[in-house]
Amino acid sequence: MRLPPAILVSTEEVLREILRFTGPADGTLSRYFREHPRLGSRERGVIAEAIYGLLRNKAVYTNFSESGTGSPMRRLSLLGLADAVGVDSLGGLTEDETAWLTRVMDIDRAHLPVVMKANLPAWLWTKLLERFGEEEAMKLATSLNTPAPLDLRVNTLKGDRDTVIASLAQAPIIAEPTPYSSTGLRVIKKPSIQNLPLFKDGTIEVQDEGSQLLAQLVGAKRGEMVADFCAGAGGKTLALGALMRNTGRLYAFDISEKRLAKLKPRLARSGLSNVHPVVIAHEKDAKIKRLAGKLDRVLVDAPCSGLGTLRRNPDVKWRQTAEGVAELNVKQASILASAARMVKAGGRLVYATCSILDEENEGIVQAFLAEHPDFSLIPASRVLAEQKVALEMGDYLKLYPHLHQTDGFFAAILERKKAVAPASAKSDAVDATDVTDAA
């Protein structure tokens, strides 16, 4: 069955806006679909798949679109749709368009120039070449350009992995245990789970296995005081709360009230009562200063380029620039230094990003350690062993999709050195109302 010509028109309309790269592609798509309610679920799915396929293969398809007839945007849209459903499924094409599209889609891409096959902007490809060499860099690029699977986290306050696997099978949805996270499931294909009872009651959450491992590295325990410093919509916050068995006190800090608002329904489903969302103005907010030296664990999932998440967000590689990364580095260093103030002696600070670039990862950590001699690096290998995670690492956690089947993640575990407190030292205790009342 051929798609109606209107699908091509809609794809061309939304693609024109997305390629301005003024905001995330998923947000632009969502808004377009809201504004065009007559598009059915199948049509929306085809358009979205076409857009994401084109973004993944933009370097190749931009080159291909230089031939053919019609407007460049129409040619790009045709390539995206052919990528999604095949040439034979497209309706409303001229004979010339059909012939051209068939010809270019049959081109053997193995013979294309390396930088085109990588489908990455030149500045990023150069960085990966310098870091990994051509063979490894191409494996990484290929994996980043491959759609990610659907990973779930089982909320251990409400269920266990085996029971959830059995329940999903009745849907029927096939899920397998993730190899590293003890609470993770990898779902075969990508079914919709929003209407499943397991999702509605908070037994499962969507979360990449790599993100789950970041929460495990924090090592949060029952009764501790913990902060997720850049909480966002709260995926790691919820994982930390479950690890703490709903005890202690867990702060979810973020500068965006809108992002934290997305945490509230998830929090309600989760059954957690130890989480306290707090909006802050910036990383040096007075609410942060009140917790100086008080917290057992702090997770800093720092704002970053997001280049480790290209499997899910392929537009990021075209929106991000080397100059933008340099600006982020300044912010990352400031956020890490501010978050460190909250860590008590003997406490743990985890710095993490979803980036694959050294300057956002090791570079930030090494600069921090040089300026903060009261902190030391704990090898990731040691912490992973403590958490019984069967994953070989060195000093840092470095996850890559072509090696670990996760998004690209980095994490460093830092510990504040213990100091002998004077006899008159004040207690570490902090009034729970100190921060939340000011929120």
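Helices α3 and α5 lie roughly perpendicular to each other, a term for angles of 65 to 115 degrees. Their axes, for α3 (residues 41-56) and α5 (residues 72-85), come within 8 Å and cross at roughly 110°; axes are lines fitted to C-alpha atoms, for helices over the stretch in contact, and angles run from 0 to 180 degrees between N-to-C directions. Helices are DSSP runs (H or I, at least four residues) numbered from the N terminus. The model is predicted, with local features needing pLDDT of at least 70 and side-chain atom pairs pLDDT 80 or more, while totals for chains, interfaces and linings use all residues. Residues are numbered from 1 along each chain as its sequence is written, and side-chain values use heavy atoms, leaving out hydrogens and water.

On the α3 side, V46, E49, A50, G53 and L54 meet L76, S77, G80, L81, D83, A84 and V85 of α5, contact being heavy atoms within 4.5 Å.

A second pair is formed by α12 (residues 209-218) and α13 (residues 235-243), whose axes are 9 Å apart and pack at an angle of about 45°. Here S211, L214, A215, Q216 and V218 of α12 touch K236, A239, L240 and L243 of α13.

Among the buried residues of α17 are G324, V325, L328, N329 and Q332, where buried means under 20% relative accessible area (1.4 Å probe, protein chains only). Also buried in α17 are I335, L336 and A337.

Definitions and conventions:
Helix = DSSP H or I, 4+ residues; strand = E, 2+ residues; numbered from the N terminus. Parallel < 35°, antiparallel > 145°, perpendicular 65-115°, else oblique. Buried < 20%, exposed > 50% of the residue type's maximum accessible area, 1.4 Å probe, protein only.
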